[in-house]
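Visitor: I'm new to this one. Could you give me a close look at the salt bridges, and then show me what lies around one of the cavities?

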Amino acid sequence: MAGLSPRAGQFGGRSDCLDLVGLTPLMARTSGRPEIPIALIGPVALDHPDLAAQNIREVPGKLPGVCADAGDAACAHGTFIAGILAARRMSVAPAICPGCRLLVRPIFSEASVNDEQMPRASAGELADAIIDVIDAGARVINLSVALQGPSARGGRSLQEALDFALRRGIVVVAAAGNQGAVGGSVITCHPWVIPVVAYDLRGRPMDLSNLGASIGRCGLGAPGEAVTSLGATATPLTLGGTSAGTPFVSGAVALTWSEFPGASAAEVRSAVTQAAAPRRTAIVPPLLNAWASYQAMSMARS
């Protein structure tokens with residue numbers, strides 16, 4: 001099947017988003033494996049009919065991972081991200097890897113979504129969540145979340161949690177942020193993290209995305225313009241920004257790893273990030289090319 005590209009529209013969701021980053025042919029090969037769990041910051045409307053609930057597990061935290069109020073903004077955001085990753089194929093959502101197990105771990109109250117439609121959490125809360133999902137068996141961690149005023153102590157704990165992910169071989173993918181700034185954070189400056197910048201449907205980086213040396217060196221671009229996925233209710237939701245782009249990269253990592261389950265985290269991470277551009281000097285990362293990542297892994301392991 002290598003080299004064959006299914007026709008656009010074979011899958012649900014926005015086929016232009018999937019085609020933009022080479023996910024369509026990879027999704028034709030696999031829907032993912034449950035042995036490659038993806039951790040997601042909740043809450044999520046687990047009773048949504050287009051989510052494969054049998055493949056979703058809540059990781060206990062101080063707050064429930066299941067939505068208490070389907071009309072809440074944080075619930076809508078979590079369900080939107082879950083739909084990109086684990087909705088049923090042929091639903092309105094991109095539904096990249098419904099065969100992978102989804103681990104839902106909440107760290108913020110359902111009301112705490114800012115004007116950018118991205119949930120915020122303290123560095124300490126996020127660090128605890130990262131440790132918890134690693135202990136729960138996550139292989140990929142999707143961080144479509146922003147930090148709120150990290151303290152020095154919280155920053156250290158978050159650094160240590162990301163170091164722990166590196167030692168345990170857990171791939172971490174994180175939104176670069178939507179402030180249109182140049183710089184970095186504890187997350188995006190960590191050398192193991194893959195920061196994600198939002199690209200429009202013409203393959204150009206969006207002005208709202210944060211950029212920086214570490215983002216350009218270690219990150220990737222992904223669809224961040226008018227992405228349609230599941231809402232917490234029956235009505236689909238369309239959002240944009242780096243938060244929306246992050247699960248496209250997480251999903252590509254999970255699908256690639258599902259095809260090569262014996263590969264190390266470093267091998268998969270390298271294939272996904274380096275297939276797009278092996279040498280980088282700019283502050284803008286290249287666009288994800290999931291099919292090239294699969295081909296790179298095939299060659300490396302043949």
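Guide: Let's start with Glu35 and Arg33, whose side chains meet in a salt bridge, 3.3 Å from N to O. By salt bridge I mean a side-chain nitrogen of Lys or Arg within 4 Å of a carboxyl oxygen of Asp or Glu. Keep in mind that this is a predicted model, where local features need pLDDT of at least 70 and side-chain atom pairs count only at pLDDT 80 or more, while totals for chains, interfaces and linings use all residues. Residues are numbered from 1 along each chain as its sequence is written, and side-chain values use heavy atoms, leaving out hydrogens and water.

Back to our pair: Glu35 is partly exposed at 43% relative accessibility, and Arg33 is partly exposed too, at 33%. (Buried means under 20% relative accessible area, exposed over 50%, and partly exposed in between, with a 1.4 Å probe and protein chains only.)

Now hop over to Asp135 and Arg168, another salt bridge, with the closest N and O atoms 4.0 Å apart. This one ties together distant parts of the chain: Asp135 sits in helix α4 (residues 123-135) and Arg168 in helix α5 (residues 152-168), 33 residues apart. Helices (H or I, at least four residues) and strands (E, at least two) are DSSP runs, numbered from the N terminus. Asp135 is exposed, at 53%, whereas Arg168 is partly exposed, at 44%.

Then there's Arg204 with Asp200, where N and O are 3.1 Å apart. The whole structure has six salt bridges.

As for the cavities, a search turns up two of 30 Å³ or more. A cavity here is a set of points on a 1 Å grid over the protein atoms alone where a 1.4 Å probe fits but cannot get out; its lining residues have an atom within 4 Å of a point. Grid points are joined across faces, edges and corners, and the volume is the space filled by probe spheres set on the points.

Definitions and conventions
On a 1 Å grid over the protein atoms alone, a cavity is a set of points where a 1.4 Å probe fits but cannot get out, and a pocket is an open set with protein on both sides within 12 Å along at least five of seven lines; lining residues have an atom within 4 Å of a point.
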